[in-house]
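Visitor: Hi, I have a structure to look at. Can you walk me through it?

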Amino acid sequence: LKKEIKNNGEILRHSLRSNTSPTKIKNFGIWVRYDSRSGSHNMYREYRDVSRTGAVTQCYRDMAARHRARAHSIQIMKIESIKAGDTRRPLTKQMHDKKKEIPLPHRDLKNTKKTKIVANRPSTMQ
């Protein structure tokens, strides 16, 4: 058998892979190649999302914001779902702390026993 070089490959099929657990947040590692004004660059980026397509959307928006890369100059080479222990980036790792609590400011008060019209404004900051 002859070994085929990756660069000579051709896309034979394009299919949409369904999400097995759409409510669970997963870590995704994305290998990206993009063309900038100075040349072509390879990158590895990590995102947290519930789906692969959501992570890819985050990647495109992040690349546009941080590197001014347009969508036509970005090539996504590979996407992998990654375990929490295998993540590399600090922005992704900080979300794995079990003790970390995220505050929920401006919560709506759901007390239906009180009347709707009151003399003073309700405080939504707790």
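Visitor: Is Asn27 buried or exposed?

Guide: Asn27 counts as buried, because its relative accessibility is 6%. Buried means under 20% relative accessible area, exposed over 50%, and partly exposed in between, with a 1.4 Å probe and protein chains only. One caution: this is a predicted model, where local features need pLDDT of at least 70, side-chain atom pairs count only at pLDDT 80 or more, and totals for chains, interfaces and linings use all residues. Residues are numbered from 1 along each chain as its sequence is written, and side-chain values use heavy atoms, with hydrogens and water left out.

Visitor: Which side chain does the side chain of Asn27 make a polar contact with?

Guide: That of Arg48, at 2.9 Å. A polar contact is a pair of N or O atoms within 3.5 Å; within protein, one must be able to donate a hydrogen and the other to accept it, and residues adjacent in sequence count only if both atoms are side-chain atoms.

Visitor: And where is the place of Asn27?

Guide: In strand S1. Strands (E, at least two residues) and helices (H or I, at least four) are DSSP runs, numbered from the N terminus.

Visitor: New topic. In what order do the elements of the protein run?

Guide: From the N terminus on, β-β-α-β-α. That is two helices and three strands.

Visitor: How many aromatic pairs does a search of the whole structure find?

Guide: One. Trp31 and Tyr44 form it, 4.7 Å centre to centre, with 50° between the planes, and it is tilted. Trp31 lies in strand S1 and Tyr44 in strand S2, so the pair ties together parts 13 residues apart in sequence. Rings of Phe, Tyr and Trp (its six-membered ring) pair if their centres lie within 6.5 Å; planes under 30 degrees apart are stacked, over 60 edge-to-face, the rest tilted.

Visitor: What lies over the face of Trp31?

Guide: Lys78, at 4.4 Å from the ring centre. Over the ring of Tyr44 sits the charged end of Arg88, 4.1 Å from its centre. The rule: NZ of Lys or CZ of Arg is within 6 Å of the ring centre and within 35 degrees of the ring normal.

Visitor: Last one. What is phi of Arg68 near?

Guide: Near 55°, a positive value in a residue other than glycine. Most residues other than glycine have a negative phi. Arg68 lies in the loop between H1 and S3.
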